[in-house]
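Subject: Structure for your review

Dear colleague,

Here is the structure I promised to pass on. My notes on it follow below.

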Amino acid sequence: MSEDDISSAATGSSVPGLPDGSRSSSSSSSSNVSVLSWEQVQRLDAILTETIPIHGRGNFPTLEVKPGQIVKVVRSRMEEKHIHVRDVRLNGSAASHVLHEDSGLGYKDLDLIFCADMKGESDFQIVKDIVLDCLLDFLPDCVNKERISPLTLKEAYVQKMVKVCNDSDRWSLISLSNNRGKNVELKFVDSLRRQFEFSVDSFQIRLDSLLQFYECSENPMAETFHPTVVGESVYGDFGAALDHLCHKVICTRNPEEIRGGGLLKYCHLLVRDFRAESETEMKSLQRYMCSRFFIDFSDIGEQQRKLESYLQNHFVGLEDRKYDYLMTLHGVVNESTVCLMGHERRQTLGLIAMLAVRVLAEQNVIPNVANVTCYYQPAPYVADGNFSNYYIAQVQPMFACQQPAYSTWLPCN
């Protein structure tokens with residue numbers, strides 16, 4: 001790509017497949033794509049060139065990597081192994097941050113999608129080996145790299161690895177650890193039926209033009225000289241999705257297709273002051289979210305592991321928001337769960353309440369057991385009108401803590 005080619009991709013140029021005049025962030029309502037403005041390109045550039053630490057476990061040193069750098073290395077090695085990469089995209093909350101800085105969502109993880117042709121099991125193994133081999137390159141020169149195996153690198157720097165292969169979905173995920181919650185997540189996608197949960201997290205920004213600019217241009221970017229970068233909403237309507245993001249509206253399509261973790265994301269949006277367009281729509285959406293959550297996480301142990309993992313991964317540096325989040329989740333589950341037996345519903349509500357009390361204890365909000373509220377389910381025979389030897393206390397609802405004092409009924413002494 002020559003300087004003249006780069007210049008032709010600067011502000012005001014047209015893009016094949018895009019209508020003329022789509023320079024603004026919000027394209028026509030019939031289009032799912034839009035060309036980023038100069039301000040948005042600047043925010044994207046800051047994300048791709050920021051140095052992010054990948055923290056090693058034990059005595060392994062911290063790796064200093066830039067997202068644009070790791071994308072370049074991984075992509076080139078995939079091509080060397082004859083795995084065709086169609087394009088690379090920024091996804092998730094980071095993409096939303098690029099499009100609208102004051103969305104209230106912020107961003108933690110950096111979700112990088114490699115859209116690639118991976119048809120066989122061997123391709124997934126090759127991609128895994130490539131990522132681990134790249135980590136070896138990022139180690140300091142003083143480290144004896146010959147004695148470090150791929151398995152050792154995986155244990156030291158990879159937080160999680162996921163692979164899904166079925167009739168509709170073929171993808172894998174490798175998440176690199178960051179102690180501050182800003183994990184670099186590399187997702188390799190051949191096919192994926194459902195690519196979003198809500199319209200506000202449906203944005204994908206194609207990085208190829210900007211990465212090529214880094215390679216070819218000797219001059220820095222400017223408002224009149226920068227590559228054309230295209231954003232897409234897989235929700236289907238870029239303008240509507242961006243409007244939802246700007247006005248904090250919760251909207252989706254085909255909510256029955258959203259996996260169980262959608263309930264946790266939905267409550268996270270509620271805590272950040274996002275709301276559905278109507279009360280009726282919100283009630284319907286909540287019932288879908290709750291039903292799918294209990295289908296995917298039917299066991300109380302699975303529910304606890306999922307909740308603890310979500311709190312750990314999404315509230316780094318936001319520990320003071322955990323209690324509000326759990327109380328919001330408690331309210332949604334209590335109000336909208338229609339698919340469970342009574343004891344199963346109470347069991348889940350008890351789990352959420354237990355986690356909320358634990359959060360308060362971690363924040364030293366509960367100084368002693370006199371401030372702990374005990375919740376219990378009376379035995380069935382206590383409800384018998386002829387049985388009067390027990391006093392049944394009215395269970396007190398849980399509210400978000402706004403005052404320094406807390407209820408102290410039924411203390412655990």
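**The hairpin and its sheet**

Strand 6 (residues 158-165) and strand 7 (residues 170-176) run antiparallel and are joined by 7 bridges. Helices and strands here are DSSP runs, helices being H or I of at least four residues and strands E of at least two, numbered from the N terminus. Two strands count as paired if DSSP finds at least two bridges between them. This is a predicted model, in which local features need pLDDT of at least 70 and side-chain atom pairs count only at pLDDT 80 or more, while totals for chains, interfaces and linings use all residues. Residues are numbered from 1 along each chain as its sequence is written, and side-chain values use heavy atoms, with hydrogens and water left out.

Strand 6 and strand 7 form a hairpin, with 4 residues between them. Within this pair, V164 has W171 of strand 7 as its bridge partner. On to the next neighbour: strand 7 and strand 8 also run antiparallel, joined by 7 bridges. There, S175 stands opposite E185 of strand 8.

These strands belong to an open sheet of 8 strands with mixed pairing, in the order 1-10-9-4-5-8-7-6. Strand 1 (33-35) and strand 6 are at the edges with a single partner strand each, so one side of each has no neighbour in the sheet. On average, neighbouring strands of this sheet are turned by 20° against each other, direction ignored.

**The protein as a whole**

The protein has 13 helices and 12 strands. Of its 413 residues, 46% count as buried; buried means under 20% relative accessible area, exposed over 50%, and partly exposed in between, using a 1.4 Å probe and protein chains only. The accessible surface comes to about 20,600 Å², and 49% of that belongs to carbon and sulfur atoms. Areas come from the Shrake-Rupley method with a 1.4 Å probe. Taking contacts (heavy atoms within 4.5 Å) between residues at least 6 apart in sequence, 69% join residues at least 24 apart.

**Salt bridges**

A salt bridge is a side-chain nitrogen of Lys or Arg within 4 Å of a carboxyl oxygen of Asp or Glu. The count by this rule is 20.

- E101 and R43 meet through their side chains at 3.7 Å, N to O, in a salt bridge. They are 58 residues apart, with E101 in the loop between helix 4 (92-99) and strand 5 (110-116) and R43 in helix 2 (residues 38-49). E101 is partly exposed, at a relative accessible area of 46%, whereas R43 is buried, at 18%.
- D208 and R75 form a salt bridge at 2.4 Å, N to O. D208 is in helix 7 (residues 208-216) and R75 in helix 3 (residues 67-80), so the pair ties together parts 133 residues apart in sequence. D208 is partly exposed, with 22% relative accessibility.
- K265 and D201 form a salt bridge at 2.7 Å, N to O. K265 sits in helix 9 (residues 262-271) and D201 in the loop between strand 8 (184-191) and strand 9 (203-206), 64 residues apart. K265 is partly exposed, with a relative accessible area of 21%, and D201 is buried, with 10%.

**A helix pair**

Two packed helices are described by the angle between their axes and the distance between the axes. For helix 11 (residues 300-314) and helix 13 (residues 342-362), the axes come within 11 Å and cross at roughly 35°. Axes are lines fitted to C-alpha atoms, for helices over the stretch in contact, and angles run from 0 to 180 degrees between N-to-C directions. The crossing of helix 11 and helix 13 is right-handed, that is, the near helix is turned clockwise from the far one by less than a right angle. Residues making the contact include I300, L307 and E308 of helix 11 and L351, L355 and R358 of helix 13.

**Two single residues**

S76 is in helix 3 and is partly exposed, at 35% relative accessibility. S76 and I130 are 54 residues apart in sequence and 10.0 Å apart in space, C-alpha to C-alpha.

D296 is in helix 10 (residues 279-296) and counts as partly exposed, at 22% relative accessibility. Setting aside neighbours within four places in sequence, D296 is in contact with R259, G260 and E302. D296 and G261 are 35 residues apart in sequence, with 8.4 Å between their C-alpha atoms.

Regards
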